[in-house]
Amino acid sequence: MLSIDPRSRDPIYRQIINQIKEQVARGVLKVDDKIPSVRELSTQIVVNPNTVSKAYQELEREGIIVTMRGRGTFITEQVPGEILTKDIESVRTKLKQVVLEGYYAGIEKEVMQDWVAWYYKQFGGKS
């Protein structure tokens with residue numbers, strides 16, 4: 001289900017969050033799909049259960065998953081919420097960093113734009 005890169009600069013809990021979000025965006029995980037429990041996932045990917053729990057708590061806070069006592073953890077229906085200024089600013093800051101790294105790596109603007117369009121399309125958006 002997930003693969004953790006121990007050499008990544010991203011903490012493990014963030015890798016879990018990002019991979020689950022990506023699977024939802026790509027349609028691999030759909031509404032009402034059951035995902036492994038904290039204990040099951042921590043065993044599968046060989047990480048501390050507290051790390052998985054931290055990721056699940058964040059995903060639940062963001063409305064991506066819901067945990068039902070005695071039933072398990074499920075993907076929730078993605079209801080577009082209000083766009084929060086802090087979320088926009090966070091994405092903008094991350095994008096600025098990526099563009100800056102691309103600039104110094106010598107990547108042309110058109111190539112970066114093609115990559116953005118490709119990823120957007122992969123996640124179900126229109127290019």
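These are my notebook entries on what I looked up in this structure.

**Entry: confidence and layout**

I started by reminding myself that this is a predicted model. The mean pLDDT of the protein chain is 89, and 92% of its residues reach 70 or more. The chain is divided into domain 1 (12–75) and domain 2 (83–123). I looked up the spacing too, and the C-alpha centres of domain 1 and domain 2 are 26 Å apart.

**Entry: the core**

Next I went for the largest nonpolar core, which has 17 residues. Ile 16, Ile 20 and Tyr 56 have the most contacts inside it. Helices H1 (12–26), H2 (38–45) and H3 (49–61) each supply at least two residues of this core. I picked Ile 16 and asked what it touches beyond its neighbours within four places in sequence. My list reads Leu 2, Ile 4, Leu 41, Ile 45, Val 52 and Ala 55.

**Entry: the hairpin**

I moved on to strands S2 (residues 65–68) and S3 (residues 72–75), which pair in the antiparallel sense over 4 bridges. Met 68 has Gly 72 in S3 as its bridge partner. There are 3 residues between the strands of this hairpin, and Gly 70 takes a positive phi near 85°.

**Entry: salt bridges**

How many salt bridges are there? I got a count of 3.

- Glu 62 and Lys 21 meet through their side chains at 2.6 Å, N to O. Glu 62 sits in the loop between H3 and S2 and Lys 21 in helix H1, so this pair ties together parts that are 41 residues apart in sequence. Glu 62 is partly exposed at 30% relative accessibility, and Lys 21 is partly exposed at 29%.
- Arg 26 and Glu 22 form a salt bridge at 2.8 Å, N to O. They are 4 residues apart in helix H1, so about one helical turn separates them. I noted Arg 26 as partly exposed at 35% and Glu 22 as partly exposed at 33%.
- Glu 58 and Arg 61 form a salt bridge at 2.7 Å, N to O. They are 3 residues apart in helix H3, again about one helical turn. Is Glu 58 buried or exposed? Glu 58 counts as buried, because its relative accessibility is 18% and the cut-off for buried is under 20%. Arg 61 counts as exposed at 58%.

**Entry: a look at Val 99**

Last, I checked Val 99, which is in helix H4. Val 99 counts as partly exposed at 43% relative accessibility. From Val 99 to Thr 85 I found 14 residues in sequence and 21 Å in space, C-alpha to C-alpha.

Note on methods. Residues are numbered from 1 along each chain as its sequence is written. This is a predicted model: local features need pLDDT of at least 70, side-chain atom pairs count only at pLDDT 80 or more; totals for chains, interfaces and linings use all residues. Side-chain values use heavy atoms; hydrogens and water are left out. A nonpolar core is a set of buried Ala, Val, Leu, Ile, Met, Phe, Trp, Tyr and Cys residues joined through side-chain atoms within 4.5 Å. Buried means under 20% relative accessible area, exposed over 50%, partly exposed in between (1.4 Å probe, protein chains only). Contact means heavy atoms within 4.5 Å. Two strands pair if DSSP finds at least two bridges between them. pLDDT is the predictor's confidence in each residue, from 0 to 100. Domain bounds come from an automatic or database domain assignment. A salt bridge is a side-chain nitrogen of Lys or Arg within 4 Å of a carboxyl oxygen of Asp or Glu.
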